[in-house]
Amino acid sequence: VLARLIEGHKVNDNIIDCYGMSKRWKYVLQNYMRENNIPPKDIAKEMIKNGVSVQEITIRGWLDEDSHTVGPRKQDSIEQIALLVEDEEMLENANLYFEACGTIRRIRREILGWIGEAIIDKLSGRTPIPGTVNADIYDRIDSVAQILRLETISFVNRSIPMNLTNRPLSL
């Protein structure tokens, strides 16, 4: 949804810039790792050596496209990425990259709220005002969402992996 809003120029230039920065840090890190054949474990070791508290699993999470990670939760992580990849512009503007990631995170939470509203409106038979973001989401609900109804709720006494959150389980 956010990418469509940006492509359609339905958001202001600041959000477009923030979106670009929230993508750029990941792109330069992935590119650096690929070009130098460096695994996430070594990136984590290097960042830890420089005083940043990070784990290999965190690096993997940052790079996993399915995780939809916007950016590191700490500015010093962005600074370390910039140092590792030798990106002077990112290092000098680490605070702006960090703030941009926060802005995009906030917008994505808003979009999730809009999606929830559109689903409720669709199920309730209400239609949004034409030409709004809600109307665009509403019109696409049938093609991008699958409505499931709970048959039963079963309580389990075991750990469930996080990637199964909000997904049906077969017991």
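Ala, Val, Leu, Ile, Met, Phe, Trp, Tyr, Cys and Pro count here as nonpolar, Asp, Glu, Lys and Arg as charged, and the others, Gly among them, as polar. The structure is a predicted model, in which local features need pLDDT of at least 70 and side-chain atom pairs count only at pLDDT 80 or more, while totals for chains, interfaces and linings use all residues. Residues are numbered from 1 along each chain as its sequence is written, and side-chain values use heavy atoms, with hydrogens and water left out.

**View 1. The largest pocket has a lining of 17 nonpolar, 10 polar and nine charged residues.** A pocket is an open set of points on a 1 Å grid over the protein atoms alone, where a 1.4 Å probe fits, with protein on both sides within 12 Å along at least five of seven lines. Lining residues have an atom within 4 Å of a point. Grid points are joined across faces, edges and corners, and a volume is the space filled by probe spheres set on the points. For the largest pocket this gives about 1,200 Å³. Its lining counts 36 residues, and Ser67, His68, Thr69, Val70 and Arg108 lie nearest the centre. Helices are DSSP runs (H or I, at least four residues), numbered from the N terminus. At least two lining residues come from each of H1 (2-7), H2 (13-36), H4 (56-63), H7 (94-124) and H8 (133-144). H7 gives the most, with eight residues.

**View 2. The second largest pocket holds about 530 Å³ of space.** Fourteen residues line this pocket. Leu150, Thr152, Arg167, Pro168 and Leu169 lie nearest its centre. By class, the lining splits into eight nonpolar, three polar and three charged residues.

**View 3. The largest nonpolar core joins 32 residues.** Such a core is a set of buried Ala, Val, Leu, Ile, Met, Phe, Trp, Tyr and Cys residues joined through side-chain atoms within 4.5 Å. Buried means under 20% relative accessible area, exposed over 50%, and partly exposed in between (1.4 Å probe, protein chains only). Leu29, Met47, Ile59, Trp62 and Met90 have the most contacts inside the core. H1, H2, H3 (40-49), H4, H5 (75-85) and H7 each supply at least two of its residues. H7 gives the most to this core, with seven. In soluble globular proteins, nonpolar side chains tend to be buried together. Contact means heavy atoms within 4.5 Å. Leaving aside neighbours within four places in sequence, Ile59 is in contact with Pro40, Ile43, Ala44, Met47 and Val54.

**View 4. Helix H7 runs for 31 residues.** From first C-alpha to last, H7 reaches 45 Å, close to the 45 Å expected at 1.5 Å a residue. That expected span is 1.5 Å times one less than the number of residues. Its buried residues are Ala94, Tyr97, Ala100, Cys101, Thr103, Ile104, Arg105, Ile107, Ile111, Ala118 and Asp121. They pack against H1, H2, H5, H6 (88-92) and H8. Gly125 follows H7, with a positive phi near 85 degrees. Asp17 is partly exposed, at 48% relative accessible area.

**View 5. Helix H5 buries Ser77, Ile78, Gln80, Ile81, Ala82, Leu84 and Val85.** The cover over these residues includes H2, H3, H4, H6 and H7. Gln80 sits in H5 and has a relative accessible area of 8%, so this residue counts as buried. Not counting residues up to four places away in sequence, Gln80 touches Met47, Asn50 and Val52.

**View 6. Asn37 and Glu86 have positive phi values.** Most residues other than glycine have a negative phi. Asn37, in the loop between H2 and H3, has a phi of about 50 degrees. At 70% relative accessibility, Asn37 is exposed. Glu86 follows H5 and lies in the loop between H5 and H6. Its phi is near 60 degrees. Glu86 is exposed too, at 74% relative accessibility.

**View 7. Lys45 and Phe155 lie 40 Å apart, C-alpha to C-alpha.** In sequence, 110 residues separate the pair. Lys45 belongs to helix H3. Its relative accessible area is 52%, so Lys45 counts as exposed.
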